[in-house]
Amino acid sequence: MSKYDLIIKGGTVVTASDTTRCDVAIRGGAIATLGLDLGEADRVIDATGKLVMPGGIDSHVHIAQPSGEGIVMADDFESATRSAAFGGNTTIMPFCLQENGKGLREAVTAYHGLADGNCYTDVSFHLILSDPTEQVLGQELPALVEDGYTSFKVFMTYEGLKLDDKEILDVMATARETGALVMVHAENYDAIRFMTERLERAGKTAPLYHGKSRPIVVEREATHRAISLAELVDVPVMIVHVSNREAMEEIRRAQSRGLKVYGETCPQYLVLTEQDMDGLNMEGAKYVCSPPPRDEESQEACWEGIQTGVFSVFSSDHCPFRYDDPEGKLIPKGRTSFRWVPNGIPGVQTRLPILFSEGVSKGRITLNEFVALSATNHAKTYGLYPRKGSIAVGADADIAIWDPERKVTITEALTRDGADYTPYEGMEVTGWPVTTILRGEVVIDEETLVGGKGYGQHLSRDRSPLAAPR
């Protein structure tokens, strides 16, 4: 009988803090030993010339989420986790949405019904609070935090989702009491509604005007307000999917004052612009997401936020809808105004190749920073560390093997999600994940799906030290 189940041999092991040439031995789903000449294993993977890194953790994805009347998301858990695994990810964190008038526990039970037995990667649920009643805040939410659902998201925009300031304060107070982390979608709902009505009266209804209805100022104001509310309660807060300098600098100023404010950005804010929404007919709808892509100056600002540590996590905000589908981007009402076009773009598979190519290959960030942004900081922020997010003895054997020189052109045919397009069509990237290993089991082997559906499991999480008040 072999000493180990699997040895990854000859590669360069990269963590958030170190880069070293060594082999990785795996036993019982965990990393058993790091070193050289480790002996025999049931299987040996030759990683010569490749990078051996922690499997990616994407802490911001939307899967099978209710999205409005007549609208259906393109992904279920099978297709989303399959796509994630092809992109070098081993854990994704989707949002469990509380629908108005329903309880949180009911939503969690229903979401497990969709996910359980259908995943190729591990998953862990955030909660979305849309109806923070006394029962939800006083009973359901504290109990769910105890059960390992230790983060939740609030929206400052979207009809049916937005909370007013008092409601946000109530949620933040519960987070402080329970040790959970609050995530905030920061855009000013009333300002967006005001701009939308003005644009529609002027006949400016094409997808391009989605961006005009949500200018930088509405994101900056809401970011400042969310930080101020969090400061009032003395609770840490994560500002998600930041798209521009003004919002980034609000976060940086808060951090410089010692506030526990964290920031996240996404691929669309590094490589897309508002002009992508200006396609012929309804082609621009493919790029409609919120906040919208901005301009090249905003792209550089987001890189600055990454390089200076203002943004500690890099997520996809994967929110897929089919384009050529009346239940997707081409919902009939969407032709009458951009306000009805489903908000969101696919990207869970392309998140890491874009960050690696635009970041590491072009010299903007180091390999160690790539690992921190793609895995380690997610695990630390959301209560999964040290089980996840690193290559260390005793940690889950969640590993992605990368070919750093491989050049790939991103196409819809290459992606494995449920959408019928990719917003990054035709983009050439350098660096690509070729093998993905989840808890010691090979899921993607040289870009071929070999793992079984259902091996992925739901992860209960600890309270993160980063969520503790100052």
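A pocket is an open set of points on a 1 Å grid over the protein atoms alone, with protein on both sides within 12 Å along at least five of seven lines. Lining residues have an atom within 4 Å of a point. This is a predicted model, in which local features need pLDDT of at least 70, side-chain atom pairs count only at pLDDT 80 or more, and totals for chains, interfaces and linings use all residues. Residues are numbered from 1 along each chain as its sequence is written, and side-chain values use heavy atoms, with hydrogens and water left out.

**View 1. The largest pocket.** Its volume is about 1200 Å³. A volume here is the space filled by probe spheres set on the points, which are joined across faces, edges and corners; the probe is 1.4 Å. The lining has 46 residues, and Ser 67, Tyr 158, Glu 159, Arg 339 and Asn 343 are the closest to the pocket centre. Helix H5 (189-201) gives the largest share, four residues. Helices (H or I, at least four residues) and strands (E, at least two) are DSSP runs, numbered from the N terminus. By class, the lining has 19 nonpolar, 18 polar and nine charged residues. Ala, Val, Leu, Ile, Met, Phe, Trp, Tyr, Cys and Pro count as nonpolar, Asp, Glu, Lys and Arg as charged, and the others, Gly among them, as polar.

**View 2. The second largest pocket.** This one holds about 190 Å³ of space. Of its 13 lining residues, Pro 66, Leu 97, Glu 99, Ala 107 and Ala 110 are the closest to the centre. Helix H2 (104-115) supplies at least two lining residues, and so does strand E9 (89-97). The share from H2 is the largest, at five residues.

**View 3. An open sheet of seven strands.** The order is E3-E2-E7-E17-E18-E19-E20, with mixed pairing. Two strands pair if DSSP finds at least two bridges between them. Strands E3 (19-21) and E20 (448-449) are the edges, and each pairs on one side only. Strand E19 (441-445) meets E20 in the antiparallel sense, over two bridges. Thr 448 in E20 is the bridge partner of Asp 445.

**View 4. Strand E1 and its partners.** Strand E1 (4-9) runs parallel to strand E6 (41-46), and five bridges join them. Asp 46 in E6 is the bridge partner of Lys 9. E1 also pairs with strand E4 (23-27), antiparallel, over three bridges. There, Leu 6 stands opposite Ile 26.
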